[in-house]
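Please follow the explanation below with the sequence and the model side by side.

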Amino acid sequence: MLEIKNLEASIDGKKILKGINLTINKGEIHAIMGPNGSGKSTLSSVLVGNPSFEVDKGEVSFMGKNLLEMEPEVRSREGIFLSFQYPVEIPGVSMVNFMRAAVNEHRKYRGEEPLTASEFLKLMREKRSLVEMDNKLTGRSVNEGFSGGEKKRNEIFQMAMLDPKLSILDETDSGLDIDALRVVADGVNKLRTSENSSIVITHYQRLLNYIKPDFVHVLYNGRIVKSAGPELALELEEKGYDWIKEIEE
Amino acid sequence: MTEPNKYVKKFTEKKYKYGFTTDVHTEIIDKGLNEDVIRLISSKKEEPEWLLDFRLKAYRHWLTLKMPTWAHLRIPEIDYQAISYYADPTATKEGAPKSLDEVDPELLNTFNKLGIPLEEQMALSGIAVDAVMDSVSVKTTFKSTLMEKGIIFCSFSEAVREHPDLVKEYLGSVVTYRDNYFAALNSAVFSDGSFVYIPKGVKCPMELSTYFRINAANTGQFERTLIVADDDSYVSYLEGCTAPMRDENQLHAAIVEIVVNDRAEVKYSTVQNWFPGDSEGKGGVYNFVTKRGHCKGVDSKLSWTQVETGSAITWKYPSCILSGDRSVGEFYSVAVTNHFQQADTGTKMIHLGKDTSSTIISKGISAGKSENSYRGLVRVGKNAENARNYTECDSLLLGDTCGAHTFPYIDIHNESAVVEHEATTSKINEDQIFYCNQRGIDMESAIGLIVNGYAKEVINKLPMEFAVEAQKLLSISLEGSVG
């Protein structure tokens with residue numbers, strides 16, 4: 001599904017990713033862990049085409065297509081979804097209008113007719129109950145006045161609406177209390193199928209108690225320095241990241 | 001090198017969908033402005049002597065005036081002798097038409113194309129329309145339905161003929177011809193427009209609207225609208241405007257006067273979409289408008305709502321004189337400028353009565369190389385006990401080659417006044433755009449969404465049909481502004 005080869009990227013001339021190699025097949029969940037500043041969020045930003053970052057080198061193919069050549073909105077329509085670490089507020093734009101614009105753009109891209117108002121509202125209701133999202137929240141403006149937990153839940157709700165092939169959860173656990181974490185993780189698990197894949201980016205092992213990864217990678221200083229099964233996460237929890245740094249140096 | 005021009009033209013045409021011209025026989029008087037021209041206009045309209053006198057006084061006063069320069073606008077010199085002051089597209093080769101059946105069907109088609117069908121059975125339900133092209137009202141719909149309730153809704157020319165006493169009483173009572181340069185010009189040469197009278201205690205059952213269309217080349221449009229709401233009455237009035245795309249500029253100088261009596265309420269909404277000029281700043285309408293309402297009666301209320309997306313230059317300050325005790329004035333505005341457009345717009349709230357209150361919400365959106373200014377006056381007279389005003393004026397910038405300016409004037413002569421002013425300027429947030437992109441929404445649609453969200457407070461004040469149009473218009477006006 002996703003193949004990253006020797007990817008290098010920088011921001012404001014500062015190199016952050018220094019040669020990432022990663023292959024993700026369909027149905028797999030990959031966790032990417034690492035200390036602060038190791039390049040985890042840069043990797044997710046580069047995959048979704050955030051214009052603040054510069055790709056210096058390397059290739060990324062998604063479903064056999066060259067991902068790096070696509071505009072951000074095309075990557076979305078091709079099936080890549082990012083659950084933002086810090087979702088922005090868009091005052092005055094209702095969740096209903098926002099989601100309807102997004103869903104219909106995706107449908108247009110697939111050559112499908114836009115949903116009628118009633119079909120769309122039905123879809124909203126269905127997906128909302130999946131992530132246990134309050135009716136009131138979808139009636140409000142995008143993320144405006146949402147608490148930290150509500151914003152994250154709203155990200156998972158949007159993910160459910162857009163039904164991506166590859167979802168990237170960027171520090172979805174940060175700022176969540178244990179109950180909110182469970183709800184968000186439940187939503188992600190419900191959306192899991194043998195056809196779609198996820199990248200779960202996290203600093204702590206905690207989230208991985210709820211979302212079981214198939215593979216765990218450790219990112220350090222812009223490179224993946226260790227890959228293994230889920231047991232690696234537990235090892236990191238126990239020992240911290242210092243021993244990884246020692247391996248590197 | 002004809003290729004790129006053709007491309008640019010095609011592109012702007014796509015954006016300004018009202019840019020077509022109508023090929024009808026139009027009687028246009030010779031260019032130029034002098035007392036004979038004014039007499040000619042007056043005689044074409046078969047006006048009474050007092051109205052001709054009014055025009056001539058205004059003209060003589062105008063001659064003593066100079067073009068105002070205080071606005072934050074670069075206005076090229078206007079040659080008033082190079083403009084024709086009267087164009088009648090309804091005139092047949094044999095003279096003026098006697099009924100709608102004699103009007104060139106091309107004319108009615110024009111309004112159909114603009115989405116304003118003039119046959120009553122096809123018209124939008126609940127909206128009566130006075131359709132004005134160039135200097136003449138083509139048709140007013142639902143006149144007889146309204147008449148049953150005693151409501152007068154007709155073209156200004158007809159009002160002069162049929163209701164001369166009302167016109168004489170109120171014409172120039174809110175905006176005198178001495179008010180300003182363009183008011184004097186309009187008073188001298190005004191052609192058509194709408195007249196509305198709502199009798200005591202009547203709530204107008206439908207929206208009233210005037211649709212202004214400039215068609216003929218090298219002409220100006222100088223219309224005049226007069227609305228009188230008698231005690232305990234209510235009316236919601238809409239105004240829409242478009243013009244063909246022409247390379248030369250067209251002059252539009254209008255006056256709107258509104259009188260609001262005891263406990264009456266008037267809502268006046270405008271969606272102004274005159275041709276803004278092309279993306280290189282060529283052509284477009286110069287829009288110099290004086291709009292003012294007088295809340296004469298106690299507990300009277302006047303709301304102005306405007307969405308300004310068109311015109312090369314906009315100079316416009318819909319105002320409220322709040323002399324009735326407890327009267328209320330409101331101004332809600334969205335002004336969008338793109339490419340080389342310039343807008344200097346805002347309001348005046350003049351508090352004279354006791355316990356009067358006013359609200360001003362202004363949202364400016366600038367893109368391209370445009371200049372967008374808010375200019376507003378809040379004045380509290382010495383007898384206006386307990387006057388209140390709340391002003392919020394926000395500017396949103398798209399890109400860094402445009403300008404946004406705020407010129408608030410506050411003039412308080414009574415210590416009990418409470419006046420609040422809030423202002424913000426922000427740039428369109430790239431994180432918001434990227435967030436939309438990541439959900440599959442492209443740049444232009446994202447800007448459309450964000451801008452509509454920003455302007456929502458004002459858009460929500462518009463009647464439903466207009467709100468939908470206005471939302472589309474906001475997105476279209478900003479096409480090609482970023483990226």
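In this predicted model, strand β16 of chain B, residues 319–322, is joined to β18(B) by 3 bridges, and the two strands run parallel. Within that pairing, B:Cys320 stands opposite B:Met349 of β18(B). Strand β15 of chain B, residues 313–316, also pairs with β18(B) in the parallel sense, in this case over 4 bridges, and here B:Lys316 stands opposite B:Thr345. A further parallel partner is strand β20 of chain B, residues 371–380, which is joined to β18(B) by 10 bridges; B:Ile350 faces B:Arg379 of β20(B) across that pairing.

How many of the 10 residues of strand β18 are buried? The count is 10 of the 10 for this strand, which covers residues 342–351 of chain B, so β18(B) is largely enclosed by the rest of the structure. The burial extends to both directions in which its residues point: B:Gln342, B:Asp344, B:Gly346, B:Lys348 and B:Ile350 point one way, B:Ala343, B:Thr345, B:Thr347, B:Met349 and B:His351 point the other way, and all are buried.

In general, nonpolar side chains tend to be buried together in soluble globular proteins. The largest nonpolar core of this model has 187 residues, and those with the most contacts inside it are A:Phe98, B:Val196, B:Ala229, B:Ile258, B:Val266 and B:Ile450. Strand β11 of chain B, residues 249–260, contributes the largest share of this core, with 8 residues. Around B:Ala229, once its neighbours within four places in sequence are left aside, the contacts are B:Ile198, B:Val235, B:Val259, B:Val260, B:Asn261, B:Ala264 and B:Val266.

Chain A contains 9 helices and 12 strands. Its C-alpha trace spans about 60 × 40 × 35 Å along the principal axes, and its radius of gyration of 18 Å agrees with the value near 18 Å that a compact globule of 249 residues would have. Of these 249 residues, 42% count as buried, and among the contacts in chain A with a separation of 6 or more, 71% are between residues 24 or more positions apart.

One part of chain A is an open sheet of 4 strands in the order β2-β1-β4-β5, with antiparallel pairing. The edge strands are β2 (14–24) and β5 (65–66), each of which pairs on one side only. Strand β1 (residues 2–11) and strand β4 (residues 54–62) of chain A pair in the antiparallel sense over 7 bridges, and the bridge partner of A:Ile4 in β4(A) is A:Val60. Helix α1 of chain A, residues 40–47, packs on this sheet and touches β1, β2 and β4 of chain A, while its direction makes about 70° with that of β2(A).

Elsewhere in chain A, strand β6 (residues 80–83) is covered on both faces, with A:Ile80 and A:Leu82 on one side, A:Phe81 and A:Ser83 on the other, and all of them buried.

The contact between the chains takes 22 residues from chain A and 16 residues from chain B. On the side of chain B that touches chain A, the elements that give two or more residues are α9 (430–438) and α10 (443–454) of chain B, and the largest share, 6 residues, comes from α9(B). By residue type, that side of chain B divides into 6 nonpolar, 6 polar and 4 charged residues.

Key. Residues numbered from 1 in each chain as written. Chains lettered and ligands numbered in written order. Predicted model: local features only at pLDDT ≥ 70, side-chain atom pairs only at ≥ 80, totals over all residues. Buried ≥ 20, exposed ≤ 12 C-beta atoms within 10 Å, placed from the backbone. Contact = placed C-beta atoms within 7 Å. Nonpolar A, V, L, I, M, F, W, Y, C, P; charged D, E, K, R; others polar. Rg over C-alpha atoms; globule rule 2.2 N^0.38 Å. Pairing = 2+ DSSP bridges. Axes fitted to C-alpha atoms, helices over the stretch in contact; angles between N-to-C directions. Core = buried A, V, L, I, M, F, W, Y, C linked by C-beta atoms within 7 Å.
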